[in-house]
Amino acid sequence: LPLLLEATLLRLASSSHHPFYNGFYYNRIMNDKDDGQEKVVYFNGARLLVETPKDPVYSSNGANVTLPCRYRYEPDMESKHKIRIKWSKLREDYTKEQDVLVAIGKTYVAFGDFRGRAHLHQAGRREASLVVSDVRLQDDGKYRCEVIDGLEDESDVVDLRLKGIVFPYQPPRGQYSLNFHEAERVCQEQGAILATFNQLFQAWSEGLDWCNAGWVADGTVHYPIRLPRKPCGGLHLAPGIRSYGPRHRHLHRFDAFCFSSALRGEIFYLDRPAGMTLEEAKQSCQDAGAEIARVGHLYSAWKFLGLDRCDAGWLADGSVRYPITKPRANCGPAEPGVRSFGFPSKGRFGVFCYKER
């Protein structure tokens, strides 16, 4: 029996001239131009193609978004199998971060944070588009649309980008006091998340110039420079993102670059003739059916709603700031921006309140 089995395997090996590839046999032959290039000839079926947009899909916090994905065959054919569709969220290096949704026919299951928010849009023939409702800051990133037909498995990637704003953040205890995990936490406390490098680069291209190094979401440390100067890498370097590269997430300490998107609510300003302490400011917002605004709320209102107020107000972290879209006398520098008075231990100011819709 062992000799018979060995003879059978040898016979199969010698008679199989074509390796098995992705559900189809193929043959390595010269192409028509005879230039040594290989081409693939498919047998027993057609080639499966998955197509997604090459340009990013843009959305914002709280919105609904559709990530387009379609599939087809060359030559055209009808599948003999039930098509399986799988969506995954990817890291920046295109490795899988988390499962989003798996579907067979009309039946689907969404996973994790996407449960109850993700479903397939299959209005057309061979459509596998993903709909995500109530978009969150964490949803920004790359998504893989994978279509599986029997042994054939093809995929393509959609880039979802949230319209938002990156802002540098230092806590009350001062500059370079945050390890990576603390940076993640303080951004979340300010109604934001730790920015990705791509978001920081976009902010730099729109004018962000900041000479203090800060963490971004992949554990690397950078700072964006528009105007080269001696304390910020030197006069000899061109404008750009200065990089410290990966740093130890527990031991090394820097500032943070936070990312916030459009607001789900509204910001309004309250004041008293004599001003308020921080605790009085918090209570005033509560009395108005709101909460004291966070730093991310104020930046978002300045960026997306054009909030312009030349009156300083308390925020939830104990800082005092005010947003200026139209620079004018007695309202700080000549450029638009969110002005900061730091973290005063004393003083009486107005307050910015935030109310969820």
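Modeller: A pocket is here an open set of grid points where a 1.4 Å probe fits, with protein on both sides within 12 Å along at least five of seven lines, and a volume is the space filled by probe spheres set on the points. In these terms, the second largest pocket of the predicted model holds about 700 Å³ of space. The residues that line this pocket number 28, and those closest to its centre are Lys 89, Glu 97, Leu 194, Thr 196 and Ala 217. At least two lining residues each come from strand 9 (84-90), strand 10 (96-104), strand 14, helix 2 (180-189), strand 17 (193-194) and helix 3. By class, the lining comprises 13 charged, eight nonpolar and seven polar residues. Because domain 1 (47-162) and domain 2 (164-260) both contribute residues to this lining, the second largest pocket lies between them.

The largest pocket has a volume of about 1300 Å³. Its lining consists of 43 residues, of which Ile 165, Val 166, Phe 167, Ala 203 and Leu 208 are the closest to the centre. Two or more lining residues are given by each of strand 14 (141-149), strand 15 (152-162), strand 16 (164-169), helix 3 (197-205), helix 5 (295-304) and strand 26 (337-340). Strand 16 provides the largest share, six residues. By class, the lining of the largest pocket has 20 nonpolar, twelve charged and eleven polar residues.

Technical notes. Residues numbered from 1 in each chain as written. Predicted model: local features only at pLDDT ≥ 70, side-chain atom pairs only at ≥ 80, totals over all residues. Heavy atoms only, no water. 1 Å grid on protein atoms, 1.4 Å probe; cavity = no way out; pocket = protein on both sides within 12 Å on 5 of 7 lines; lining within 4 Å. Helix = DSSP H or I, 4+ residues; strand = E, 2+ residues; numbered from the N terminus. Nonpolar A, V, L, I, M, F, W, Y, C, P; charged D, E, K, R; others polar. Domains from an automatic or database assignment.
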